[in-house]
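The sequence and coordinates come before the comments.

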Amino acid sequence: MTLEVVTFWGLAVLLIGSALSVVLTKNLFHSVLYLALSLTATAGVFLALDAEFLAAVQLLLYAGGVVTIVVFAIVVTERLVGDRITQTSRHIVAGCVLAGALLLGVLRFLRGAHLPVERPPIAVDVTRAIGQVLLTEFVFPFELLAVLLLVGLLGALYFARPEE
Amino acid sequence: MTHLSTIPMDPALLAFTALLLPACAFVILGIVAPLRRLGRAAAYLSIVFSAAALVAAIGALRLADGGAGYSVWLWSWIPAEAGPLAMVGVLADGDSELMLVLVALVSFLVQVYSLGYLSDEAMPSLGRYYAYQSLFAFSMMGLVLAPSFVQLFICWELVGLCSYLLIGYWYTKPEAARAAVKAFWITKAADVGMLIGIVLLWRQTGTFNFLDLLALADAGAIPLAGLGVITFCIYLGASGKSAQFPFHIWLPDAMEGPTPVSALIHAATMVTAGVYLLTRTIWLFRLTPDVMQIIAWNGAFTALLAAVLACVQSDIKRVLAYSTVSQLGYMMAAIGAGFASAGFLHLLTHGIFKALLFLGAGAVIHAVGTNDIFGMGGLGRRMPKTFIVFAIGALSLAGIPLFAGFFSKEEILGAVLAGGFPVPFSMLLLGAFLTAFYMFRVVFVTFFGAPAASHGTGDHHVHDAPPFMALPLWILAVMCVGVGALFTAWHPREEFEALGWVTYAAVGVALAGIALAYLVYQRRAISADGLARGLAPIRAAALRRFWIDDVFAGIYGWLMLPFSRLVGWIDRYFVDGILNMFSAWTLMAGGGLRRIQSGRVQDYVYGIALGVLALMVGMWWGR
Amino acid sequence: MGLGAYLTLAAVLFAIGFFGVVTRRNTIGILLGIELMLNAVNINLVAFARFNADVVGMIFTAFTIPITVAEVALGLAIVILIFRMKRTVIADHLDILRG
C-alpha cells in the first residue's frame with residue numbers, strides 16, 4: 001500500500017463521485033458546485049502525475065474561472081430546478097446504455113494495448129521544461145493562443161452587449 | 001464557242017438538277033415569309049423554277065436517248081460494315097426519266113393553270129399553295145428517281161403529306177379538312193404494310209438499294225421463303241396510294257381540294273406512285289406469281305367496281321375521281337398479268353388525258369360555279385374551246401383510235417388475256433364499255449341540251465377559260481392527239497403475242513358505250529329513269545358506295561376507338577398508377593427520414609456516438 | 001499505478017460527461033457535461049506525457065485548457081443571447097433547424 005496507490009484511489013473516488021453528482025443533481029446550481037469539486041480533484045490527479053504547473057493552471061482557470069462564468073450565466077437565465085430527475089434529464093436509460101457502450105469500447109482497446117506500469121524517472125524540473133519548450137518550439141501557437149483569447153474576449157463582449 | 005452537244009453531261013446530274021429546283025423554290029417560299037405572303041410573286045417564282053425543272057427533265061431524257069442503261073448519282077446515307085445500308089440520290093434509267101418528264105410537265109402546267117383558277121384567293125393563301133406545290137413536285141421527283149427503298153419511302157411519306165396539305169387547302173371548310181385527314185389516314189394505314197415489307201426484305205437480303213437487289217434477283221440469290229409476304233406487304237402500300245380496293249375510298253372525297261390539285265395529284269402523279277413502284281420492282285414481284293395473281297384480280301375488280309360507281313355520280317369531279325380509280329385498276333391488272341410495260345405506258349397516257357379532263361372540268365366549274373352536271377347544260381355553245389379540249393380528253397379515256405388512250409388500253413387488254421386471266425379480261429372489257437358510257441354521259445349532259453334552270457342566275461359569266469387556264473388545256477390536248485396519232489400509226493415493240501380481235505373488241509365496246517350514252521342523254525330514246533329502275537338494286541348500292549366507307553367507319557368506331565379508350569384507361573390507371581405509387585413511396589420515405597433532423601442538438605450527439613460505436617465494432621470485426 | 005489505471009479513470013469520466021451531455025435538459029447542464037469530457041481528455045494527455053517522459057503532452061494540455069475556457073465563455077454568451085430571444089434555455093425547445 002504505497003502512498004501513490006492510496007492517493008490515486010482517493011482521488012479517483014472523489015472525481016467519479018463528484019462527476020456523477022454533476023450529471024445527476026436536480027438543482028443546476030448544485031451541479032456547478034459539484035463541477036468545481038471535480039475540477040479540483042482533477043488538479044489533484046495532475047499533481048499525482050508530477051505536473052505541478054498544470055495543476056496550478058487547472059485550479060486557476062477551470063475551478064476559478066469557468067465555474068464563475070457558469071454561475072453568472074445561471075443567474076442571468078432562469079434556473080431550472082426540478083423535483084424529479086426526469087424533469088431535469090431526458091432519455092436516461094438510453095443515455096446510460098450508450099455511455100456504457102462507449103466506455104466498454106474504450107476499455108476493450110485498453111485491455112488489448114501494452115501499457116507501461118512504471119513511471120520513467122524525470123531528471124529535470126517539469127515546470128522549467130514546460131516553460132522552455134513553450135517559448136522556443138511552441139512560441140507560434142502560444143502567440144496565436146493570445147490572439148484567440150483576444151478574439152474570444154471581443155466576441156463575448158459583442159454577444160453580451162445590451163439590446164438596442 | 002463549244003457546241004452544247006460536246007459538253008459531257010450526265011443524265012443523272014440533269015435529273016438531280018430537276019429534282020433540286022422545286023426543292024429550292026419550296027425552301028425559299030418557306031423561309032422568306034414576306035415573299036410568300038405576296039401571293040402572285042410566290043406563284044411566279046414557283047412557276048419559273050418548275051419550268052426550269054421541266055427543261056432539265058427533258059434534257060435528261062434526251063441525253064439518255066432511251067437506252068437500256070442507267071446512270072446514277074448517289075451518296076451513301078446510312079453507312080454499315082458490309083457496304084452502305086442506304087443510298088440516296090438519283091437513279092436515272094428509262095422508266096424514271098419518262099416519269100420525271102411527266103411529273104415535271106404536269107406540275108408546271110398545273111401551276112400555270114392555278115394562277116388563273118385561284119385568282120380570287122387571298123394572297124397569303126396563294127403563296128402557301130405554291131409552296132406546297134413546289135414541295136410536292138420535289139417529293140414526287142424524289143420518289144421517281146429513288147435509288148433505294150429508303151429514299152422511296154421517305155419521299156412516299158412526303159408525297160402523302162403534300163396530298164394532305166393540298167386537299168385540305170381550304171381547311172376552313174369542314175368537308176375539306178375531313179377529306180384530307182381521310183386520305184392521309186387510309187394511305188398511312190396502307191403504308192404500314194409497305195414499311196413492314198421493306199424491312200422484311202432488308203432482313204432477307206441485307207440491303208435497301210434497288211441496284212443491289214436487282215443483281216441479287218438476277219443471280220437468284222433472294223430466298224423465296226417468305227418472299228410472298230414481303231411482296232404482298234409492298235403491294236398493300238402501293239394499293240393505298242393507287243386507290244385499289246379496298247383502299248380506294250379516299251380518292252373520291254379528295255375532290256374537296258382545288259381542281260388543279262386533283263389534276264396533279266389524283267390523276268397524273270401521286271396516285272400513280274403505286275403503279276410506278278410495282279413497275280420499278282417488277283423483278284421482285286415476278287418471283288412470287290401468287291401475289292401477281294392477286295394484283296391482277298384486284299386490279300380488274302377495282303376497275304369494274306369504280307366504273308359502276310362512276311355511272312351514278314352527278315358531281316363532275318367525282319365522276320373523274322372514280323374514273324381514275326378505275327384506270328389505276330387497269331394498270332395494276334396489266335402489271336399483275338406480268339406485262340409491266342403495258343401498265344406503265346397507260347400510266348403515261350392516262351396522266352396526260354386525265355389531267356386534261358380535270359383541268360377542263362375545272363374550267364367549267366370556274367365558269368358555272370357548281371360541280372353538279374345536272375346544273376349545267378348547253379355549255380358547248382357558250383364555251384366552245386373548253387368543249388373541244390374536254391371532248392378530246394373524253395375520247396382518249398374511252399380509247400378511240402387517234403387519241404392517246406387507245407393504244408395503251410388495248411395493250412392492257414391484250415396483256416391481261418395473254419397472261420392467262422380470262423375472267424379479269426372480261427371484267428376489264430365490261431369496264432371499258434362503262435367507261436365510255438359514263439364519260440360521254442357527262443359530256444352530253446354538260447355540253448349539250450338546254451341550259452339548266454339554275455344557272456344563268458347569279459353573277460357567273462359563262463365564258464371560255466382565261467388565258468392562264470386555257471394554255472395548259474391546249475398543250476395537253478395537243479399532246480393527247482399527237483401521242484394518240486403517233487401510237488395509232490406506229491405500234492411500239494410489244495412484249496406479247498397480241499390477238500388481233502382484242503383491238504376490235506376494245507374499240508367496239510367503247511363505241512357501244514358512247515352510243516348508249518348518246519341514246520339515253522342526248523336523244524332521250526332510252527329513258528334514263530327506265531334504266532335506273534331496271535338496275536335499281538345495283539344503283540342503290542352504288543349510291544351508297546357499296547357500303548365500303550361504312551365498313552371502314554365501323555372498324556374505326558367499333559374496334560379502334562374502344563381499343564384506344566382501353567389503352568388510355570390502362571395508361572391512366574396502371575402505368576400512371578405504378579408511377580404514382582413509386583412517387584408516393586418516395587414521399588413517404590422522405591417524410592419518415594426527415595424525422596432524423598429533429599433540430600435538437602442532443603439527438604445529433606446520439607447520432608455521432610452511435611457512429612463512433614459502429615466504427616469501433618467495425619474495426620473489431622475487421623481484425 | 002500504471003498508465004492503464006489513469007486511462008481507465010479518464011475513460012470513466014468521459015462516459016459520465018457524455019451521459020450528462022445527452023440527458024440534461026438545460027443547455028447549461030449540457031455545457032457542464034462537455035466540461036467533464038474535456039477534463040477526461042486532459043487527464044489522458046498528462047498521463048501519456050508522464051509515462052512517455054515527453055513534455056509535449058503537457059504543452060498540449062496547457063493549450064487546451066485556455067482554449068476550453070474561451071469556448072465556455074462564448075458558449076455561455078450564446079446561451080444568454082438565446083435566452084434573451086426565446087426566454088428559454090431548455091434544449092428541447094431549441095429546434096428551429098428541424099427538417
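1. Helix H2 of chain A (residues 28-48) packs with H2(C) at an angle of about 5°, their axes being 11 Å apart. Here axes are lines fitted to C-alpha atoms, for helices over the stretch in contact, and angles run from 0 to 180 degrees between N-to-C directions. H2(A) is therefore roughly parallel to H2(C), a term for angles under 35 degrees. Helices (H or I, at least four residues) and strands (E, at least two) are DSSP runs, numbered from the N terminus.

2. The model is predicted: local features need pLDDT of at least 70 and side-chain atom pairs pLDDT 80 or more, whereas totals for chains, interfaces and linings use all residues. Residues are numbered from 1 along each chain as its sequence is written, with chains lettered from A and ligands numbered from 1 in the order in which they are written.

3. The residues joining these helices include Leu35(A), Leu39(A) and Phe46(A) of H2(A), and Leu32(C), Leu36(C) and Ile43(C) of H2(C). Contact requires C-beta atoms, placed from the backbone, within 7 Å. By class, the H2(A)–H2(C) contact has 11 nonpolar, five polar and one charged residues. Nonpolar covers Ala, Val, Leu, Ile, Met, Phe, Trp, Tyr, Cys and Pro; charged covers Asp, Glu, Lys and Arg; the others, Gly among them, are polar.

4. Between the whole chains, 57 residues of chain C meet 74 residues of chain A. On the chain C side, helices H1 (3-23), H2 (27-51) and H3 (56-86) each supply at least two residues. H3(C) gives the largest share, 21 residues. The classes on this side are 42 nonpolar, 10 polar and five charged.

5. Chain B has 26 helices and two strands. Of its 623 residues, 50% count as buried, that is, with 20 or more other C-beta atoms within 10 Å of their own.

Terms used. Two residues are in contact if their C-beta atoms, placed from the backbone, lie within 7 Å. A residue is buried if 20 or more other C-beta atoms lie within 10 Å of its own, exposed if 12 or fewer, and partly exposed in between; C-beta atoms are placed from the backbone. Angles under 35 degrees count as roughly parallel, over 145 as roughly antiparallel, 65 to 115 as roughly perpendicular and the rest as oblique.
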